[in-house]
Amino acid sequence: MTSIETQVQYGPYMMTSDSEQVYMNQEDDWDRDLLLDPAWEKQQRKTFTAWCNSHLRKAGTQIENIEEDFRNGLKLMLLLEVISGERLPKPDKGQMRFHKIANVNKALDFICSKGVKLVSIGAEEIVDANVKMTLGMIWTIILRFAIQDISVEETSAKEGLLLWCQRKTAPYRNVNVQNFHISWKDGLALCALIHRHRPDLSDYSKLRKDDPMGNLNTAFEVTEKYLDIPKMLDAEDIVNTPKPDEKAIMTYVSCFYHAFAGAEQAETAANRICKVLAVNQENEKLMEEYEKLASELLGWIRRTIPWLENRVAEQTMRTMQKKLEDFRDYRRIHKPPKVQEKCQLEINFNTLQTKLRLSNMPAFMPSEGKMVSDIANGWKGLEQVEKGYEEWLLTEIRRLERLDHLAEKFKQKCSLHESWTSGTVELLSMKDYESASLLEIRALMRIHEAFESDLAAHQDRVEQIAAIAQELNELDYHDAVAINARCQGICDQWDNLGTLTQKRRDSLERVEKLWETIDQLYLEFAKRAAPFNNWMDGAMEDLQDMFIVHSIEEIQAKHLVPLRDQMLQEELARQQSNERLRHQFAAQANIIGPWIQTKMAEISHVSVDIAGSLEEQMSNLKQYEQNINYKCNIDKLEGNHQLSQEGLIFNNKHTNFTMEHVHVGWEQLLTTIARTINEVENQILTRDSKGISQEQLNEFRASFNHFDRGEVEFACIMTLVDSNNTGVVTFQAFIDFMTRKTAETDTVDQVMTRETVMASDKTYITVEELRRELPPEQADYCVSRMTRYIGSDAPSGALDYISFSSALYGESDL
């Protein structure tokens with residue numbers, strides 16, 4: 001039916017809509033029973049009369065006999081004016097039959113003007129007091145003005161009224177409304193309707209199914225006394241009739257619907273507002289969670305960056321290696337959860353923005369400094385500092401490694417030099433030449449010349465020691481003070497040795513000259529004492545040979561050759577071990593690196609070529625995510641990387657993949673999968689909100705994949721799908737663009753209208769009204785956020801729901 005459901009016959013006549021003009025004959029069993037059943041006729045007379053009087057009393061009149069009192073058409077016209085709120089043509093005032101027919105025709109013409117065609121019925125039947133036609137006409141009026149406009153969800157008229165009754169009585173025991181006759185015989189359905197809307201008027205728990213008379217009379221009395229609905233039925237007629245008249249009960253129940261229409265509108269408005277508030281509360285919770293997570297993540301970044309920016313070098317290799325271990329713990333233990341938090345934060349932000357768009361609400365603007373871009377910039381700065389910190393650590397470790405090597409070399413050279421110079425000062429300070437003969441002096445001179453040659457040879461060693469000390473100072477060696485002191489001692493000793501060496505030479509030369517003079521004097525004597533002299537010369541030679549024998553140090557030096565050979569063998573073994581570590585790391589990295597690159601390519605294709613329903617896509621993506629179980633391999637590679645660093649191996653010619661590359665690639669892979677899953681989740685939200693079919697989604701995907709950059713048209717589209725001018729269009733934004741006019745979303749005006757209903761058309765609302773219409777949680781939410789109403793027409797404590805509604809949709813500030 002289109003405008004009015006009137007498939008109710010009275011004899012051969014049927015009242016129907018313009019779109020369904022149907023002639024029904026008398027052979028319809030249901031309608032024949034209607035005409036023959038006096039119980040039904042009695043029920044209709046009483047009900048229709050009471051219904052007419054409930055409206056006519058507003059005009060100060062009523063009827064007693066339904067077929068007699070409408071005969072002249074005057075009260076019929078008056079009834080239509082009252083229930084329609086419109087003026088009918090001026091009635092004829094004569095009492096002749098044609099005056100009455102004229103008035104009834106004016107009433108019937110008005111009914112027809114409302115979209116109802118009365119087939120085969122004329123004014124004569126009404127004027128002649130035809131009960132069947134009169135009841136049929138009144139039923140048509142009831143249908144058109146009391147039942148047709150009832151609408152519940154997507155059903156209307158009779159079905160809408162029935163659905164309304166079913167929904168309202170569903171929670172009540174012993175009530176099962178399936179029709180408008182048998183379902184109402186025990187009176188419980190009527191009592192349930194009353195209790196649902198006015199629980200203060202009756203105690204449903206005390207009613208008994210086996211007391212239909214009591215239940216019906218209770219309902220009739222309560223509705224007449226408190227709800228201003230006249231008694232239209234008799235309990236006895238309903239209980240004692242096998243099948244009560246459907247039209248009588250529909251008429252009576254429709255009065256319930258209209259009596260509770262205001263409450264129904266308020267309830268509907270409250271339910272819708274509850275949904276809006278629930279969505280807003282959920283969105284606010286997501287906003288609070290975002291702000292909290294963003295603050296914590298940014299705080300961690302701010303705390304971590306100074307640690308990574310600290311370039312104060314430690315003094316020893318051991319302490320610097322401890323820093324390297326701490327950095328490894330940061331990369332392996334502390335940073336990965338933060339990577340997940342950052343990814344989750346971006347996902348939450350995108351989901352929140354999707355929900356806000358679907359709710360027709362303004363986009364979420366985080367607090368200053370907490371935008372996704374701020375976090376991305378902070379993270380980028382962290383990774384830059386992190387990379388610089390690692391490079392600094394490795395440089396410092398190399399520097400300390402060289403320093404330790406130089407310091408050890410310095411100590412070795414110093415020890416050798418100090419060992420060589422041990423006792424030299426005492427030897428040079430000896431005055432053995434004072435008592436020596438000329439031959440002894442010359443022997444001493446030869447020994448001294450040999451020492452001077454050795455001293456000259458040691459000059460290079462002393463310069464090397466000084467050069468090493470200088471390099472240690474330039475490299476900021478931590479124990480430079482001790483190095484400098486020792487170097488200075490060696491240099492001072494060296495200068496002293498030079499002085500003592502020259503002084504001894506001078507003394508030896510002086511004594512030699514003295515002895516040469518004496519020798520001339522003894523020459524004569526020597527010629528005469530040749531045997532003695534020969535003996536003396538032999539003795540001197542023996543003494544001389546014993547004195548110039550090789551030193552202990554020179555003999556011991558021959559033992560350093562096998563010692564150095566052993567050191568070279570140890571170094572060779574270390575380098576071979578390092579090469580094995582390089583090969584071991586490279587073998588794994590050359591597998592893991594390409595694997596990550598392959599998976600990145602796969603997930604990129606998955607996000608573009610994804611097929612099937614969104615739920616299937618979600619299942620496939622999550623299965624794909626579970627199958628990316630590669631962390632153990634990366635941890636194993638990290639272990640080999642740690643061994644390499646402990647072995648001071650900082651380059652590897654066998655692979656192009658560093659541990660840094662693997663870490664970054666793995667984090668990007670996990671983040672990309674999570675973002676792709678979130679994109680599908682947001683598409684599900686959009687689909688469910690906007691009622692998009694899978695076929696439409698597939699069409700959108702195909703259009704998106706072939707999105708062409710035209711000139712003028714493309715520029716217009718881009719202003720809608722890329723309002724932030726990022727140069728990137730997501731599929732989610734494309735869906736929003738394609739469906740921007742299809743979603744059933746609330747607007748600020750709609751929410752305000754519903755709150756106006758709850759506030760009984762006032763410009764303010766009271767706390768009591770909020771708590772009466774809304775669940776406690778939503779009521780508390782509104783009370784805590786609504787501002788005080790400013791106006792002299794409001795009671796104390798009144799709240800401003802208009803500014804609150806505007807603030808929900810970003811049109812004002814709370």
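Student: Among contacts between residues at least 6 apart in sequence, what share join residues at least 24 apart?
Tutor: 72% of them in the protein chain. Contact means heavy atoms within 4.5 Å. This is a predicted model: local features need pLDDT of at least 70, side-chain atom pairs count only at pLDDT 80 or more, and totals for chains, interfaces and linings use all residues. Residues are numbered from 1 along each chain as its sequence is written, and side-chain values use heavy atoms, with hydrogens and water left out.

Student: How many helices and strands?
Tutor: The protein chain has 31 helices and seven strands. Those are DSSP runs, numbered from the N terminus: helices are H or I, at least four residues, and strands are E, at least two.

Student: What percentage counts as buried?
Tutor: 44% of the 814 residues. Buried means under 20% relative accessible area, exposed over 50%, partly exposed in between (1.4 Å probe, protein chains only).

Student: Now α9. How many of its residues are buried?
Tutor: Eight of the 10 in residues 188-197, so α9 is largely enclosed by the rest of the structure. Among them are L188, C191 and H197.

Student: And α23, which residues are buried there?
Tutor: I634, L637, E638, N640, H641, S644 and Q645. They cover an arc of only 165° around the axis, which puts them on the same side of α23. The arc is that of the directions from the helix axis to the C-beta atoms.

Student: What's exposed on the other side of α23?
Tutor: C632 and K636.

Student: What comes just after α23?
Tutor: L648, with a positive phi of about 60°.
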